[in-house]
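The following note concerns side-chain contacts and is set out as numbered points. Please read it alongside the sequence and the structure.

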Amino acid sequence: MAQASIHTTRTADALAMLLTRRGDAAAAIDRALADDPHDVSGHCLRAAIIVCGDRYTARGKLAASIAAIEAACADPRDRARRHAAAAQAWLAGDPALALERYGDIVRDRPRDVIALAAAHALDFRLGRRAMLRHRIDQALAAWDPAMPHYASVLAMYAFGLAENGRYLHAEAAAREALAHDPRHPGATHALAHVLEMQGRWRDGLALMAAAEPASSEGTGLAVHLAWHRALFHLDAEEADAALAVYDAQIAPVENLAALADASALLWRLTLCDVPTGERWRRLADRWEAQALDGARPFYPVHAIMAFAAAGRADAAARALAALPDRTDAPEDTLARSLCDALLAFARGDYATSVARLGAVRHIADRCGGSLAQCDLVHLTFTEAALRTRQVRLARALVAERAAQKPDSRLNHQLAQRIRMMAAA
């Protein structure tokens, strides 16, 4: 009984790591399953961790967990078997079916927080923005503040609200989550999105300063929170501070998510004509060491940013070849046009960059990331329009930005360039 209790505790710890983004949930569940390979709940959790993290290099572990669940549970209606079926769909390359199956579990059992986390992650990855809000909204009716993981559910809800432009409600949900669990990385992240999308860089920098002690405590969001901090510095026209954040907290980390954040930040700095020294070359070296076959388009696109900026045409061609040929998803459709636009921009062909981005502007918010991440498309479009002196287009794009972020110094600078261009 004591040994079983230890295993249960280890699985519970791994679940908490997944939901809060504190610690390494994947490593924790691997250790728990090494001690007890027959822990069905542990295998359900490992499957969800792999799906949530889009860990396509962990397919072998996922297949082993699915097999273990199926061997232990003969009834296909068993909840664990339903988890296995959802994970099997993801393993087979059908994330939409995986989402449907995880979503069905949540509908029937809204307090199944493992299925809820997996469905939330897939809603995000597949661009189901409305469901990022509605799925958690529906599940919350079965939750109350006394339950374990309530703060994490609130953090998911806050992020979903933010991604749907419900910033007032998102901020309230994030702050409530932080009241339950101060410095909850997921809640801090959701609040950072609210402040970023509203251009509240002063509040954002204050939030990041308050969260800084927690960022060094093994949180899986540490690099991404540092990226948000750098964006707040950019909105404040503090490029040197953004570069300092890049060097200290983003550049040293090697995983795909960190490399994507690195590319996205350096590209924004490049759009602002900020000298980046040897950083693009070093980042391109790290991207070239990554195997991108099987990765969703979001990552090859960010690799191509680095290759374009570093002038590595052959590496860019290889990354383009890693993109899926399908055009049935907005992310896939946007990816090739965006890559063409990035390559054109890097070689100074701003007119082609404008043309490529103009053709996909209507799906620019479906880049495979958050609204804050997808804003890079709008920024590149705006800068290319400015450099081709397309005054009317540039004015319209800058007006969109200024209306959303009236306090952004970067947007004020863009508006000033428009005025000078029009006067000339």
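**Side-chain contacts in the predicted model**

1. E171 has a relative accessibility of 15% and therefore counts as buried, whereas R175 is partly exposed at 43%. The two side chains form a salt bridge with an N to O distance of 3.0 Å. Both residues belong to helix α10 (residues 167-180) and are 4 residues apart, about one turn of the helix. It should be kept in mind that this model is predicted.

2. A salt bridge also joins E196 and K405, at 2.6 Å from N to O. This pair connects distant parts of the chain, 209 residues apart: E196 is in helix α11 (residues 185-197), and K405 is in the loop between α22 (391-404) and α23 (409-423). Both E196 and K405 are buried.

3. In the salt bridge between D123 and R135, the closest N and O atoms are 2.6 Å apart. Because D123 lies in helix α7 (residues 113-125) and R135 in helix α8 (residues 129-140), the pair ties together parts that are 12 residues apart in sequence. D123 is buried, with a relative accessible area of 1%, and R135 counts as buried at 12%.

4. The structure holds 32 salt bridges. A network of them links E278, R281, D285, E288, R312 and R318.

5. Across the whole structure, 5 aromatic pairs are found. The ring centres of W267 and W280 are 6.3 Å apart and the planes stand at 75 degrees, so this pair is edge-to-face. Both tryptophans are buried. Ring pairs join W267, W280, F345 and Y350 into a cluster.

Notes: Residues are numbered from 1 along each chain as its sequence is written. This is a predicted model: local features need pLDDT of at least 70, side-chain atom pairs count only at pLDDT 80 or more; totals for chains, interfaces and linings use all residues. Side-chain values use heavy atoms; hydrogens and water are left out. Rings of Phe, Tyr and Trp (its six-membered ring) pair if their centres lie within 6.5 Å; planes under 30 degrees apart count as stacked, over 60 as edge-to-face and the rest as tilted. Buried means under 20% relative accessible area, exposed over 50%, partly exposed in between (1.4 Å probe, protein chains only). A salt bridge is a side-chain nitrogen of Lys or Arg within 4 Å of a carboxyl oxygen of Asp or Glu. Helices (H or I, at least four residues) and strands (E, at least two) are DSSP runs, numbered from the N terminus.
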